[in-house]
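Subject: The model, and what turned up in it

Hello,

Here is the structure I promised to pass on. Have a look at it first, and my notes follow below.

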Amino acid sequence: GAKKAPKDYQFDCGAIEVKSSRAAIPDKIAISNVRQLDSEGMRKMFLVVVHLNSNEVTGETLPELIDSLDCALREDARALLVLGLREVGYLVEHREKYVHTRYQVLGVHHFLVFGAFPCLTRATVPDGVKSVSYEISFDACREFAVDSDRLRAALRGSS
């Protein structure tokens, strides 16, 4: 997440962890640390999985996507975008490195992380374990699927 936060997006009303997959059929989701899906202290915790196709013909390049965001944002938000991109190693001066690969969104899946959702949390990792990365089955998440409207409502604090 931004500023080395454990989750990609954190709000007063909850958090979102975003994962992408370029697999032909997404069957697993890689989680890089135990805090990414830990919902302790969160009103709502969501996992969003973006299924992508990468190629040289169809879709948007990373610079095109960034330009679209830049045009849609207010000035203060643009500055945060540039800082965030720099933090993860993307520099506008290097945009030519990213113009040959295009990404096409094939699907976006939203999951509410709660109850028996298949994930590890800090409370479930035994003392002495210092680092955890793991994969969860995409199929095991299906019963926790929610639509994008429910995610938006939760982020507005109304759900």
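Let me start with a strand pairing: K28 has S137 in β7 as its bridge partner. The strand β3 (residues 28-31) and β7 are joined by four bridges and run antiparallel. (Strands pair when DSSP finds at least two bridges between them; strands are DSSP runs of E with at least two residues, helices are runs of H or I with at least four, and both are numbered from the N terminus.)

Before going further, please note that this is a predicted model, in which local features need pLDDT of at least 70 and side-chain atom pairs count only at pLDDT 80 or more, while totals for chains, interfaces and linings use all residues. Residues are numbered from 1 along each chain as its sequence is written, and side-chain values use heavy atoms, with hydrogens and water left out.

**Overall layout**

The protein chain has four helices and eight strands, in the order β-β-β-β-β-α-α-β-β-α-β-α along the sequence. Its C-alpha trace spans about 45 × 35 × 35 Å along the principal axes. Of its 159 residues, 31% count as buried (buried is under 20% relative accessible area, exposed is over 50% and partly exposed is in between, with a 1.4 Å probe and protein chains only). Among contacts with a separation of 6 or more, 79% are between residues 24 or more positions apart (a contact means heavy atoms within 4.5 Å).

**Strands**

β6 (102-112) has several partners. With β4 (45-55) it pairs in the antiparallel sense over 10 bridges, and V49 stands opposite H109 in β6. β5 and β6 are also antiparallel, over two bridges, with E60 opposite Y103. Two further bridges join β6 to β8, again antiparallel, and there F111 has A145 as its bridge partner.

V105 is a residue of β6 and counts as exposed, at 52% relative accessibility. Leaving out residues up to four places away in sequence, V105 touches V50, H51 and L52.

E17, in strand β2, is buried, with a relative accessible area of 1%. Beyond its neighbours within four places in sequence, E17 is in contact with P6, K7, D8, Q36, L37, M45, F46, L47 and V48.

In α4 (residues 148-155), L151, A153 and A154 are buried. Viewed down the axis of α4, these buried residues fall within an arc of 165°, so they line one face of the helix (the arc is that of the directions from the helix axis to the C-beta atoms). They pack against β2 (14-21), β4 and β6. After α4 comes G157, whose phi is positive, near 85°.

**Aromatic pairs**

The whole structure holds four aromatic pairs (rings of Phe, Tyr and Trp, the latter by its six-membered ring, pair if their centres lie within 6.5 Å; planes under 30 degrees apart count as stacked, over 60 as edge-to-face and the rest as tilted). One of them is Y90 with Y98, a tilted pair at 5.0 Å centre to centre and 45° between the planes. Y90 is buried, at 7% relative accessible area, while Y98 is partly exposed, at 29%.

The ring centres of F117 and F144 are 5.2 Å apart and the planes are at 70°, so this pair is edge-to-face. F117 lies in the loop between β6 and β7 (134-137) and F144 in the loop between α3 (138-141) and β8 (145-146), so the pair ties together parts that are 27 residues apart in sequence. Both F117 and F144 are buried, and together with F114 they form one aromatic cluster.

**Over to you**

Which element contributes the largest share of the lining of the largest pocket? That is α2, with six residues (on a 1 Å grid over the protein atoms alone, a pocket is an open set of points where a 1.4 Å probe fits, with protein on both sides within 12 Å along at least five of seven lines; lining residues have an atom within 4 Å of a point).

Best wishes
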